[in-house]
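Trainee: Could you walk me through a structure and show me how to read its features?
Mentor: Gladly; let us look at it together.

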Amino acid sequence: MKKNILITGGAGFIGSHVVRLFVNKYPESKIYNLDKLTYAGNLENLKDIEHRENYTFIKGDIVDGEFIGLLFDKYKFDGVIHLAAESHVDRSIANPMEFVMTNVIGTVNLLNAAKVHWKDDFRGKLFYHISTDEVYGSLGEEGLFSETTAYDPHSPYSAAKASSDHFVRAYHDTFGLPTVISNCSNNYGANQFPEKLIPLFINNIKNNKPLPVYGKGENVRDWLYVEDHANAIDVIFNKGKIGETYNIGGNNEWTNIDLIKVLCKVMDKKLGREEGTSEKLITFVKDRAGHDLRYAIDSSKLQKELGWKPSLQFEEGIEKTTDWYLNNQEWLDNVTSGEYKKYYEEMYEGR
Ligand code: NAD
Ligand code: TYD
């Protein structure tokens, strides 16, 4: 493969794993990482590959359509892997408009640039949009989301992602833009910002702080190790059929409370604490507004048609993840200083 590939949001959690994979696996290709470096973007995530010849970082905002057009002019991208987004549900409840700007307007700016710059020849081009299972809404106790499940988003985050998915399909159907979409379940692993459940709770356990469980902790999520998601993205980028959608999942459902108990147990062991110590930090707090009960994914299309499957068992993934956070104290200190304290107070105090 010898391509000019634009990866947006490459300094974030999943994006950094995707950038690393592509830089290492495709030395003939040029990988351009476009990121605004919001609170969630962190160049520390890519220290190990930042000097590689086939890697370029570009600081910029996908909401700036003119700037995006200039980038397409300058770098002649053949492929786009679009991950840049505002990604945290609780923040979307506090400030929906930022989610509309980045997730919807930003995506349409990228689609427009691809349409304009690729218009003479769509051959060999691909616009790959990374999305979430949250667009499908909430399941009851039974059933799985498939690629044909009707969209039913409930949070401003999932509504903005759903909207961006619709625009991607519209650009394919209306203008013939070569697109592909994947919708993945909850990721976990190294470099995730400690606002999401697993890294937030690892950090709080370490610091003996309360573990704020929303509602009764009965909500169910499917969890996939982030490197398995990155591998799925590689497979879909290279083998996915234009115009198609692929669901990605770990076949690994947990209620929040059961997952948190496992995390407490693993952390007790690693911190040399008596078993049961960290569980005492569990505190039930006011539920999230519009909290989806259950997400679960049927990823059989991706498995059967493109041959991908998750490589890690959850127990192994949690071991690796907790080890990473315990061994990367400086990373955690850097991202939890300053603004983070204000965020934490606003989100959790009085809850
Ligand atoms: P993240 O919040 O960790 O990273 C997002 C990145 O996008 C950051 O580096 C940020 O600086 C950048 N960004 C934000 N606004 C931008 C803008 N206007 N212009 C340029 N860059 C901007 O998110 P993540 O968890 O890595 O998620 C990446 C993508 O995967 C998102 O599209 C998300 O919807 C999707 N996704 C995430 C999960 C999950 O569990 N985290 C699951 C399924 C799908
Ligand atoms: P999160 O990591 O925010 O992912 P998402 O909402 O996108 O699934 O949350 C995962 C689950 O954990 C979700 O059901 C909400 C719950 N949760 C808590 O109980 N407490 C918390 O402090 C956070 C951040 C999440």
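**Reading the ligand sites and a helix**

Trainee: How many residues surround ligand 1, and which are the closest?
Mentor: A residue counts as near a molecule if one of its heavy atoms lies within 4 Å of it. Ligand 1 is surrounded by 28 residues, and the closest are Ile14, Asp35, Ser87, Tyr157 and Lys161. Before we go on, this is a predicted model, where local features need pLDDT of at least 70 and side-chain atom pairs count only at pLDDT 80 or more, while totals for chains, interfaces and linings use all residues. Residues are numbered from 1 along each chain as its sequence is written, chains are lettered from A and ligands numbered from 1 in the order in which they are written, and side-chain values use heavy atoms, with hydrogens and water left out.

Trainee: Which elements supply at least two residues of that shell around ligand 1?
Mentor: Helices (H or I, at least four residues) and strands (E, at least two) are DSSP runs, numbered from the N terminus. Here helix 1 (13-25), strand 5 (126-132), helix 5 (156-175) and strand 7 (186-188) each supply at least two. Strand 5 gives the most, with 3 residues.

Trainee: Where are the polar backbone atoms that lie by an oxygen atom of ligand 1?
Mentor: One of them belongs to isoleucine 14, 2.8 Å from a ligand 1 oxygen. Phenylalanine 13 has a polar backbone atom 3.1 Å from an oxygen of ligand 1, and for a backbone N or O atom of leucine 83 the distance is 3.0 Å. On its own, ligand 1 has 830 Å² of accessible area, and the protein covers 96% of it. Such areas come from the Shrake-Rupley method with a 1.4 Å probe; for residues, only the protein chains shown count as cover.

Trainee: Which residues come nearest to ligand 2?
Mentor: Of the 19 residues around ligand 2, they are Glu134, Arg221, Arg288, His291 and Tyr348. Tyrosine 214 has a polar backbone atom 2.9 Å from a ligand 2 oxygen. The protein buries 98% of the 510 Å² that ligand 2 exposes when taken alone.

Trainee: How do I check a helix, say helix 8?
Mentor: The expected span is 1.5 Å times one less than the number of residues. Helix 8 (residues 256-271) has 16 residues and should span 22 Å, which agrees with its end C-alpha atoms being 22 Å apart. Just after helix 8, glycine 272 takes a positive phi of about 70 degrees.

Trainee: Is methionine 267 buried or exposed?
Mentor: Buried means under 20% relative accessible area, exposed over 50%, and partly exposed in between (1.4 Å probe, protein chains only). Methionine 267, in helix 8, has a relative accessible area of 0%, so it is buried. Contact means heavy atoms within 4.5 Å. Leaving aside neighbours within four places in sequence, methionine 267 is in contact with Ile202, Ile205, Lys206, Thr322 and Leu326.

Trainee: What does the side chain of serine 164 make a polar contact with?
Mentor: A polar contact is a pair of N or O atoms within 3.5 Å; within protein, one must be able to donate a hydrogen and the other to accept it, and residues adjacent in sequence count only if both atoms are side-chain atoms. For serine 164, in helix 5, the partner is the side chain of histidine 129, at 3.1 Å.
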